[in-house]
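Colleague: I have the model open and would like to walk through it with you. Could you take my questions as they come?

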Amino acid sequence: AGAAAGAGASAAVPLVVARARGLHLRSLVPDDLRYLDVWADDATLEHLVGSDFLRAYRETYDRQPSFYDAVLADPTEIVLMIVPSRGDGTPVGLVRLFDIHVQDGYASMETIVADRRAARRGYGVIASRLIIAYGVDVLGLRRIECKVYAYNQLSINSLLRNGFVQEGVLRKAAFKNGRYWDIMVFGILRDEIEAQRRKDRYLLPAAPGAGDGSVGDSP
């Protein structure tokens with residue numbers, strides 16, 4: 001799967017890497033830079049997420065196409081676009097694993113739902129679950145961590161829904177709107193990920209004579 005994702009990205013053809021009810025994750029392609037252009041200038045997004053990824057695109061690479069090549073060449077980062085199943089294929093955000101340490105088995109995660117209309121539809125929760133599963137199944141990760149501003153309650157709730165545990169606080173580590181804010185540190189381990197996945201998994205059809213054989217619904 002990892003090799004296929006790389007091949008699809010190299011050819012600049014969007015490749016669906018993971019799929020769930022309501023959305024899929026696909027590889028980043030050069031045409032996606034037009035979405036980054038908009039998201040990088042979104043003041044609300046900067047306030048809520050403060051993404052180093054978008055800052056690097058805006059400030060370090062000055063919105064140049066070379067940013068795409070740099071992302072593709074970075075072995076410590078995987079960036080996937082969040083695309084609703086229904087619609088015209090326009091992504092509503094992105095999710096990424098970064099600071100990937102394959103040998104030690106851990107990485108950081110960032111989820112950005114940039115489209116305001118999609119913010120409360122659960123896309124962030126589901127997209128995070130998909131890339132977490134990718135990290136475990138394809139990369140062999142045993143730990144994923146995430147940082148969030150203390151005032152971003154929506155992101156905190158999303159992490160808790162996905163089984164993350166608050167592990168600490170970086171006190172007064174962010175300066176926003178004229179004051180300092182705490183940054184909350186969350187983490188999830190492989191056994192916790194597997195427990196969460198078991199809760200989300202579709203029910204198997206019942207054995208003959210054991211019920212109606214219905215299949216349960218799951219996010």
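Colleague: What stands opposite A20 in β2?

Modeller: In this predicted model, A20 stands opposite L23 in β2, and R19 stands opposite H24 in that strand. Strands here are DSSP runs of E with at least two residues, helices are runs of H or I with at least four residues, and both are numbered from the N terminus.

Colleague: And how do β1 and β2 pair?

Modeller: Strand β1, residues 16-20, and strand β2, residues 23-27, pair in the antiparallel sense over four bridges, where pairing requires that DSSP finds at least two bridges between two strands. The hairpin they form has two residues between the strands, and G22 takes a positive phi near 95 degrees there.

Colleague: Which strand is paired with β2 over five bridges?

Modeller: That is strand β3, residues 78-84, which pairs with β2 in the antiparallel sense, and within β3 the bridge partner of S27 is L80.

Colleague: Is β2 mostly covered or mostly open?

Modeller: β2 is mostly covered, with five of its five residues buried, where buried means under 20% relative accessible area, exposed means over 50% and partly exposed lies in between, using a 1.4 Å probe and protein chains only.

Colleague: Before we go on, what are the ground rules for these values?

Modeller: Residues are numbered from 1 along each chain as its sequence is written, and side-chain values use heavy atoms, with hydrogens and water left out. As this is a predicted model, local features need pLDDT of at least 70 and side-chain atom pairs count only at pLDDT 80 or more, while totals for chains, interfaces and linings use all residues.

Colleague: Switching to L94, where is that residue found?

Modeller: L94 is found in strand β4, and it counts as buried because its relative accessibility is 0%.

Colleague: What is L94 in contact with?

Modeller: Leaving aside neighbours within four places in sequence, L94 is in contact with L36, W39, F53, V79, L80, M81, I82, E110, T111 and I112, a contact being heavy atoms within 4.5 Å. L94 and L25 are 69 residues apart in sequence, yet 8.3 Å apart in space, C-alpha to C-alpha.

Colleague: How much space lies in the largest pocket?

Modeller: About 1,000 Å³ lies in the largest pocket. Of the 46 residues that line the pocket, the closest to its centre are L48, V49, T111, N152 and S155. On a 1 Å grid over the protein atoms alone, a pocket is an open set of points with protein on both sides within 12 Å along at least five of seven lines, a cavity is a set where a 1.4 Å probe fits but cannot get out, and lining residues have an atom within 4 Å of a point.

Colleague: Which element gives the largest share of that lining?

Modeller: The largest share of the lining of the largest pocket, seven residues, comes from α7.

Colleague: How many cavities of 30 Å³ or more does a search of the whole structure find?

Modeller: The search finds one, and about 50 Å³ of space lies in the largest cavity. Among the residues that line this cavity are W39, D42, V49 and R58.

Colleague: Last topic, how is α6 placed, mostly covered or mostly open?

Modeller: α6 is mostly covered, with 14 of its 15 residues buried. For the protein chain, buried residues make up 43% of the 219 residues.

Technical notes. Grid points are joined across faces, edges and corners, and a volume is the space filled by probe spheres set on the points.
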